[in-house]
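Dear colleague,

Please find the structure below, handed over for your own work. My notes on what was found in it follow directly after.

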Amino acid sequence: MTTATTILRQHLIDPEICIRCNTCEETCPVDAISHDSRNYVVDAAKCKLCYNCISPCPTGAIDSWRNMPADQAYPLAEQLLWDNLPAQIALDHGTEVGAGDTATELPDEVERIAAASTAGQGGTAPPPWSAAHPYVNLYGIHAPAVATVSGNFCLTAEDASSDIRHIVLDFGSASFPVLEGQTIGILPPGLDAAGRPHHVRLYSVASPRDGERPKYNNLSLTVKRVTEDHEGKAARGVGSNYLCDLKKGDKVNVVGPYGTSFLMPNHAGSNLLMICTGTGSAPMRAMTERRRRKFAGGESLGKQMLFFGARSPGELPYFGPLTKLPKEFIDINFGFSRVPGEPKRYVQDLLRERGVDVARLLRDENTYVFLCGLKGMEKGVEEAFTELCRANGLDWSALRPQMLQQGRYHVETY
Ligand code: NAP
């Protein structure tokens with residue numbers, strides 16, 4: 001009988017690229033990084049793979065990894081002598097697949113859903129130039145991460161027609177790094193009508209990279225319980241009902257993360273123009289929360305404008321917290337479509353009303369547009385951009401392809 005060897009995804013620092021700026025050592029919350037006069041090194045026994053050190057590194061030297069049998073991890077004394085990183089060693093058969101063994105191909109169903117959701121931006125678009133490096137496909141269908149539910153909170157009013165939930169998943173000691181704008185896959189338990197395992201359901205992460213609760217290894221999702229199909233006929237969504245019914249302590253199989261394009265810019269002075277409907281607010285919540293934490297820490301940020309469409313205030317996820325954000329932090333525009341006695345207002349109507357300010361933002365090459373939610377909104381938003389640009393001396397038909405090419409226009413609609 002052979003014993004399987006556990007593979008460690010060993011975090012290393014490339015001595016050829018590193019400029020010895022000490023940022024990583026200052027950032028590491030567990031003191032796993034140290035240095036001598038020659039090299040910066042990572043202690044495999046201490047590193048918790050929290051990824052906090054990755055984005056502050058100015059050169060990317062910190063983003064270096066080798067898959068090693070856990071009992072053969074490179075010791076500090078050896079790393080201190082390196083002039084360059086050793087090549088990845090060949091791994092024996094019989095090794096256990098773990099978080100570091102990134103599969104190269106995404107599951108077909110994930111490719112299909114991702115392609116459909118980004119069709120509106122014309123296929124794969126580059127991420128913003130200053131986006132952090134995303135990790136993708138760390139956990140596959142055959143070796144999902146097992147998360148524990150640490151919270152499931154209703155975001156909608158008691159008398160609202162929809163049940164939208166904020167669900168917090170904790171990954172314990174498993175490494176599951178995500179960036180704002182990425183999605184994760186949920187594997188609902190059980191079999192479908194044909195007796196096959198249910199396919200993956202994708203949800204956008206609604207929390208920032210450092211966790212729903214800072215420094216905790218958790219993330220959140222914004223999930224609406226699906227009770228009808230697109231034609232309004234009664235239908236029970238398998239993934240959404242499974243998630244909405246979860247109780248604290250339940251275990252959930254999670255795959256991913258996915259997404260290399262719909263990512264937020266990180267450079268100083270970058271502006272966010274966010275347009276969403278319903279639960280399409282999930283990635284916007286992640287991005288604004290990332291920035292809110294920076295703002296609370298006194299960092300000066302670019303502009304943020306949010307256009308958010310929902311049936312009514314009671315159906316708008318995160319309505320309460322959003323209304324409490326300081327005006328100088330974010331310019332929020334709500335549009336409600338089903339408030340008795342009031343005309344229907346969609347996000348495209350709001351964009352037109354704020355045309356002068358939207359055009360001012362679009363004119364700035366530090367502005368990044370994110371559109372997420374119902375597929376139907378795309379056409380109306382495109383028309384609104386065309387009109388407000390024309391009225392304010394811009395040509396949307398020329399600006400749009402330019403923004404796409406520069407990774408400044410991102411669409412994710414279902
Ligand atoms: P919803 O409550 O049905 O609609 C939200 C608002 O959008 C309503 O005011 C609705 O108005 C309005 N709307 C409808 N058609 C529109 C159009 N053509 N243009 C502009 N606004 C329009 O929304 P939802 O059920 O939450 O749907 C959200 C969508 O986001 C889903 O397709 C979901 O798959 C997607 N999404 C979810 C996530 C996630 O992580 N959960 C992430 C990304 C995307 P009416 O009153 O006229 O219906």
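Which of the 23 residues around the ligand come nearest? They are Lys224, Ser337, Arg338, Lys344 and Tyr346, where a residue counts as near if one of its heavy atoms lies within 4 Å of the molecule.

Two remarks on conventions come before the details. This is a predicted model, in which local features need pLDDT of at least 70 and side-chain atom pairs count only at pLDDT 80 or more, while totals for chains, interfaces and linings use all residues. Residues are numbered from 1 along each chain as its sequence is written, and side-chain values use heavy atoms, with hydrogens and water left out.

The ligand site

Strands β9, β10 (218-224), β13 (304-310) and β15 (367-373) each supply at least two residues of the shell around the ligand. Helices (H or I, at least four residues) and strands (E, at least two) are DSSP runs, numbered from the N terminus. Several polar contacts were found here; the term denotes a pair of N or O atoms within 3.5 Å, and within protein one must be able to donate a hydrogen and the other to accept it, with residues adjacent in sequence counting only if both atoms are side-chain atoms. A polar side-chain atom of Tyr346 lies 2.4 Å from a ligand oxygen. For Arg338, an N or O atom of the side chain is 2.6 Å from an oxygen atom of the ligand, and a polar backbone atom of Ala310 is 3.1 Å from a ligand oxygen. Taken alone, the ligand exposes 930 Å², of which the protein buries 83%; accessible areas come from the Shrake-Rupley method with a 1.4 Å probe, and for residues only the protein chains shown count as cover.

Salt bridges

Side chains of opposite charge can pair when their charged atoms come close. With a salt bridge taken as a side-chain nitrogen of Lys or Arg within 4 Å of a carboxyl oxygen of Asp or Glu, the count comes to 23. One of them joins Glu180 and Arg290, at 4.0 Å from N to O. Glu180 lies in the loop between β7 (164-170) and β8 (183-187) and Arg290 in helix α5 (residues 282-296), so this pair ties together parts that are 110 residues apart in sequence. Both Glu180 and Arg290 are buried, meaning under 20% relative accessible area, whereas exposed means over 50% and partly exposed in between (1.4 Å probe, protein chains only).

Helix α5 also carries Arg285, while Glu212 sits in the loop between β9 and β10, so their pair links parts 73 residues apart in sequence.

Arg352 is partly exposed at 32% relative accessibility, and Asp349 is partly exposed at 25%. Elsewhere, salt bridges that share partners join Asp163, Arg165, Arg225, Arg236 and Asp245 into one network.

Individual residues

Arg201, in strand β9 (residues 201-204), is buried yet has no salt bridge. The nearest side chain of opposite charge is Glu109, 7.0 Å away; Lys and Arg count as positive and Asp and Glu as negative, with His and the chain ends not counted. A polar side-chain atom of Arg201 does lie 3.1 Å from the backbone oxygen of His199.

His410 lies in strand β16 (residues 409-413) and is buried, with a relative accessible area of 0%. Its side chain reaches the backbone oxygen of Gly407 at 2.8 Å. Leaving out residues up to four places away in sequence, His410 is in contact (heavy atoms within 4.5 Å) with residues including Gln121, Ser261, Phe262 and Phe370.

Asp250 is found in the loop between α4 (238-244) and β11 (251-258) and is partly exposed at 30% relative accessibility. The side chain of Asp250 reaches the backbone nitrogen of Lys247 at 2.8 Å. Beyond four places in sequence, Asp250 touches Ala147, Thr148 and Val149.

Pro313 is in the loop between β13 and α6 (319-323) and is partly exposed, at 32% relative accessible area. On the same exclusion of neighbours within four places, Pro313 is in contact with Phe319, Phe336 and Val339.

With kind regards
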